[in-house]
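Here's a quick briefing to read alongside the structure. Have the sequence and the 3D view open as you go.

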Amino acid sequence: MRTMGLDLGTKTIGVAVSDGLGLTAQGVTTVRRTSLKADLAALAAVVAGHEVTHVVLGLPLNMDGSEGPRAEASRKFADTLAQSLGVTVELWDERLSTVAATRTLLEADVSRARRREVIDQVAAQFILQGWLDARRPSDTGYHPDDYEPDDFEPSR
């Protein structure tokens, strides 16, 4: 079972999907928005193709945590998506996800034209990865301070 992350914009929807273990997010596609029906059909194809059971939709909050018109539009889209696709949809704070995506692409020296093509996918990837990381158990059972250097010496 996989989770799909979405970065909802007025012109595009960035799409990312988790791996089967729910550890990492990968950008999948950018849906060019034309109509609600076409948008839902494109997302339904991703849901079916990747066996998605859960959707995380970015909620664009203002920097002070308040909600504006875009957050209201995202809430409405989340309700429509849940009803149309029959999946659970959860909203996730997306503040600065596009900024982080842009910075990552600039650091990777991605061309301006290519950045335009993938920025929404990368933003969706940041949204989904943040959600995945927040759900991962914090105690891995390994703490470097619990071991001495001699613990790793080969047996003789």
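A residue counts as buried here when its relative accessible area is under 20%, with a 1.4 Å probe and protein chains only as cover. By that cut-off, 37% of the chain's 156 residues are buried. Keep in mind that this is a predicted model.

**Overall layout**
- You're looking at four helices and five strands in the chain.
- Reading from the N terminus, the elements go β-β-β-α-β-α-β-α-α.
- Among contacts with a separation of 6 or more, 63% come from residues 24 or more positions apart.
- The chain's accessible surface is about 9,500 Å², and carbon and sulfur atoms make up 52% of that.

- Seven bridges hold together an antiparallel pairing between strand E2, residues 12-18, and strand E3, residues 25-32.

**Helix H3 and what follows**
- H3 spans residues 97-107, and its buried residues are Ser97, Ala101 and Leu105.
- Looking down the H3 axis, those buried residues fall within an arc of 65°, so they line one face of the helix.
- Just after H3 comes another positive phi, about 60°, at aspartate 109.

Note on methods
Residues are numbered from 1 along each chain as its sequence is written. This is a predicted model: local features need pLDDT of at least 70, side-chain atom pairs count only at pLDDT 80 or more; totals for chains, interfaces and linings use all residues. Side-chain values use heavy atoms; hydrogens and water are left out. Two strands pair if DSSP finds at least two bridges between them. Helices (H or I, at least four residues) and strands (E, at least two) are DSSP runs, numbered from the N terminus. Buried means under 20% relative accessible area, exposed over 50%, partly exposed in between (1.4 Å probe, protein chains only). Contact means heavy atoms within 4.5 Å. Accessible areas come from the Shrake-Rupley method with a 1.4 Å probe; for residues, only the protein chains shown count as cover. The arc is that of the directions from the helix axis to the C-beta atoms.
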